[in-house]
Amino acid sequence: TIAQVLAPVGYRSFMSGKWHLGTPDPTKHGFEEFYGTLVSAKRFFDPEHLIRLPEGRKARQYPEGEFYATDAVTDHALDFLEQARETPEKRWFLYLAYNAPHFPLHAPKAEIAKYAERYHGGWDKLRDERLRKMKQLQIVADDTQLSPRSHWRNYGETKIGVNPAWGSLGKDRRLDLARRMAIYAAMIDRLDQQIGRVVADIKAEGELENTLIVFTSDNGACFEWDPYGFDIVSSNQNILHTGDKLDEMGRAGTFHSVGSGWANAGNTPWRLYKHFNHEGGIASPGIVHWPAGLKSKPGSIVHQPAHIIDLLPTAIAVSGAGYGGTLPLPGLDLIEQLGDPKNNERTLFFEHQGNRAVRQGKWKLVALDDEPWELYDFTVDRTEMNDLAKDHPTKVKRLSAAWDKWASENHVTPLPRDLGVKYLKPD
């Protein structure tokens, strides 16, 4: 881990938030202190859902009815920073992994009220609004086309469809869905406030200029499992909330998701969502802030692709740490990339639940688990709408062979038998 690599060069490492990596204790992997959850998020209003480690450490106590996980994760992160500053001769690393806005959709009532009327216009209108704003901010090219409404497959693929037009839905369904999105937005609002608390603390300590801050998100908005979202538990179960029940949504004891229609809007203008390797499932926002170390103009936008695998090599380069691993690192120094963003023709590979992709220069090869490869030219078609696979069979063959080689060398294949993917022989 980054924490283990940084320790020999005088760093203290701390973590607050979600640790969901198949091992039961991040303090066994380089982190001095931990507060958070070791499983997927289940409850945002329940203090018993989050724990302190190492064993014997005491978490903060909150008055009845005043606990909210996003705030508590921040509180403990700030405690850890205070602890780190007790040894000024050492540097610190903080991994702050918020659960929000992962389901269940839980948010304080006052935050939800801010957005109670915001989303009644529906996801079609919202997608148009967001694309216009993204063009104004130069996040995407002016000629970017909005992809059609994405399809969805529920769990087990017992049902499949395309996100419906908002206007085709009944009034009660629109009210239910608008409230789900209001809660989702409220969770992000509260998240933004808490990040602000951390940045303000770093600034107050005179550390902001020489602290490298990297902000990024999970792998695409989550569609689970259909346009209406689910309730009670992640499943195909949906409850249509009407009347007074709308006001109860998002409170303690409830459990909702946002559904594929709003997830499609969240991934504007891209196709598909988390679980897939089209842009809606892998194109995450990234913000890098380091006034003392970045050569880039503040506020500038870099369009060359980077990857989560770049964070460890970046930490090594910035800290001067060594790397004791036996295998070469697949990532690159992010700071060096930002200093020379045009010099980046790297090849990146992806796989999630049998869905797969290769990105090389302007080309992207991508496929669903049970579909043939698709090929797109990202200089003109990053929304992946004009499949060029039949026009460039040699390129498809070369890139797919590269994916096969990467998958074999990195233990991606053979895929687990329970995925039921037919294109590759299961183990």
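A pocket is, on a 1 Å grid over the protein atoms alone, an open set of points with protein on both sides within 12 Å along at least five of seven lines, and its lining residues have an atom within 4 Å of a point. The model shown is predicted, with local features needing pLDDT of at least 70 and side-chain atom pairs counting only at pLDDT 80 or more, while totals for chains, interfaces and linings use all residues. Residues are numbered from 1 along each chain as its sequence is written, and side-chain values use heavy atoms, with hydrogens and water left out.

**View A. The second largest pocket and its lining.** The volume of this second largest pocket is about 540 Å³, taken as the space filled by probe spheres set on the grid points, which are joined across faces, edges and corners. Its lining consists of 18 residues; Gly156, Glu157, Gln353, Asp369 and Leu419 lie nearest the centre. By type, the lining residues of the second largest pocket divide into 6 nonpolar, 6 polar and 6 charged. Here Ala, Val, Leu, Ile, Met, Phe, Trp, Tyr, Cys and Pro count as nonpolar, Asp, Glu, Lys and Arg as charged, and the others, Gly among them, as polar.

**View B. The open sheet of 4 strands, in the order β9-β10-β11-β12.** Pairing in this sheet is antiparallel, where two strands pair if DSSP finds at least two bridges between them. Strands (E, at least two residues) and helices (H or I, at least four) are DSSP runs, numbered from the N terminus. β9 (347-352) and β12 (374-377) are at the edges with a single partner strand each, so one side of each has no neighbour in the sheet. β9 and β10 (residues 355-360) pair over 6 bridges, with Phe350 opposite Ala357. Helix α11 (residues 393-409) lies across β9, β10, β11 (363-367) and β12, at about 65° to β9; axes are lines fitted to C-alpha atoms, for helices over the stretch in contact (heavy atoms within 4.5 Å), and angles run from 0 to 180 degrees between N-to-C directions.

View C. In β11, 5 of 5 residues are buried, that is, under 20% relative accessible area with a 1.4 Å probe and protein chains only. Trp363, Leu365 and Ala367 point one way from β11, and Lys364 and Val366 the other. β10 and β11 are joined by 5 bridges, and Val366 stands opposite Ala357. In the hairpin between β10 and β11, Gly361 takes a positive phi near 60°. Glu374 in β12 is the bridge partner of Val366, and a hairpin of 6 residues joins β11 to β12.

Notes:
On a 1 Å grid over the protein atoms alone, a cavity is a set of points where a 1.4 Å probe fits but cannot get out, and a pocket is an open set with protein on both sides within 12 Å along at least five of seven lines; lining residues have an atom within 4 Å of a point. Buried means under 20% relative accessible area, exposed over 50%, partly exposed in between (1.4 Å probe, protein chains only).
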